[in-house]
Amino acid sequence: MPTRRLYYDDSFQDNFSAQVLSCELLSEAEDGGLGPGWGVVLDQTLLYPTSGGQPHDLGKLGDANVLDVLDKDDRIVHVVDRPVAIGRLDGCIHWPRRFDHMQQHTGQHLLSAVFHERFGLITVSFHLGEAVNTIDLQGPQPSALILEGAARAANSVIFEDREITVRYGTPEEFAARGVRKEVDRKGVLRAIEITGIDLQPCGGTHLRHTGQLGLVLIRGCTKSRQDWRVEFVCGGRAETAARKDSELINQVSTELKCAPHDLHASVERLLREREVVTKRLKVLLPKVADSDAVALLAATTARGDGLRVVAQVLQNVEPDYLQHLATALVRPESAVALLADKESGHLVFAQNSRAGSDMNALLRKIFERFAGKGGGTKDFARGALQEAAKANVALDLAKTLL
């Protein structure tokens, strides 16, 4: 017996009564790891199953919590956390989740229609995520100007508060009325019409007027294989995102001691200053390393076999500094450098080519005892420990094995 889908005609209804046709304990594979779970089939339901890029509704069937809703051919299976008795029961949906999904899905229809109608960009897929939604567009890369134009056009339709209507008809009837995207299905189809801009076959839940959308906010656009993935949010999500954006702008402006409208100029100045400092650092690091190497070598006494081993655990140094310091330390014959950074766990083992050891083999032995990754040559090897706190004991071991 097919399940009657009450949400087809009224997405705003939030409670209903139905007849329980069956209730079966599901296997772990069937309940999606949410179990123990029971699969409940009703004669009719308001709960939307995951389909068409839109996630499922949540709610209750009697005292049972709905964990998932599955579309099984003509039947809808409700995955619940406890068994329910065969017979009549009352059910309800989790309204905030339903309304959020209606805002996002209706916003997608509107945005896809605008991209198609005004810019010739066709939507090939849609995903309604927990935080952000995406549509994949087929065609040339949408510029920043196109993205802004699409958002402005969509929001203009929202502000006009146009009616949104559920229509039923055959594919041929919808094709004659100018459906945005034809679907490969026969018989009577359900479609959503946004007055004056869009007609699209769809089984999802939608708003009654565009004004209920509140706002469409495009968050970005990236390449996705051969298409372009546009991220967007609508309604309550758009309000939350805009508020957080404003809070972030004000926070950064305060930290940079500038007005919000001067933020871009301040960031550009900081980037230029960072570039200058980075260039200076690249010049100064080898010089500092050379100077430190002289002091370390002078304080190190050669071993009985003639090796001068400099083993140092440094703290919070520039990543390139270890390499520069190691290079400077092993310029003298029979010199070996065993260096580590306590903050990052980075290791650098180096030797003068006449020292006669194998730095790469030594590093591998360290990683046999302490988890980490790295490698190199006979004279120079580098890597990093998984646990930076073990840098001291790792270096002690390296000195012992050398």
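Let's begin with a term: two residues are in contact when they have heavy atoms within 4.5 Å of each other. What you're looking at is a predicted model, in which local features need pLDDT of at least 70 and side-chain atom pairs count only at pLDDT 80 or more, while totals for chains, interfaces and linings use all residues. Residues are numbered from 1 along each chain as its sequence is written, and side-chain values use heavy atoms, with hydrogens and water left out.

Setting aside neighbours within four places in sequence, Phe115 is in contact with Gly120, Leu121, Ile135, Leu137, Ile146, Leu147, Ala150, Ile218 and Val230.

Phe115 also belongs to the largest nonpolar core, which has 31 residues; Leu110, Leu111, Phe115, Ile135 and Ile218 have the most contacts inside it. A nonpolar core here is a set of buried Ala, Val, Leu, Ile, Met, Phe, Trp, Tyr and Cys residues joined through side-chain atoms within 4.5 Å, and buried means under 20% relative accessible area (1.4 Å probe, protein chains only). Among the elements giving two or more residues to this core are helix H1 (95-119), strand E10 (133-138) and strand E14 (216-224), but helix H2 gives the most, with seven residues. Helices (H or I, at least four residues) and strands (E, at least two) are DSSP runs, numbered from the N terminus. There's a second, separate core too, with 21 residues including Val309, Val336, Leu347 and Ala398.

Now for some strands. E5 (residues 59-61) and E6 (residues 64-72) run antiparallel, joined by three bridges; strands count as paired if DSSP finds at least two bridges between them. Leu61 has Ala64 as its bridge partner, and Gly62, in the turn of this hairpin, has a positive phi of about 65 degrees. E6 also pairs with E7 (residues 75-80), again antiparallel, over six bridges. In that hairpin, Asp73 takes a positive phi near 60 degrees.

Finally, the pockets. On a 1 Å grid over the protein atoms alone, a pocket is an open set of points where a 1.4 Å probe fits, with protein on both sides within 12 Å along at least five of seven lines; lining residues have an atom within 4 Å of a point. Of the 33 residues lining the largest pocket, Ser51, Arg185, Pro201, Cys202 and Gly203 are the closest to its centre. Strand E9 gives the most to that lining, with four residues. The second largest pocket brings E6 and E7 back, since each gives two or more residues to its lining, and Leu70 and Arg75 are among the lining residues.

Technical notes
Buried < 20%, exposed > 50% of the residue type's maximum accessible area, 1.4 Å probe, protein only.
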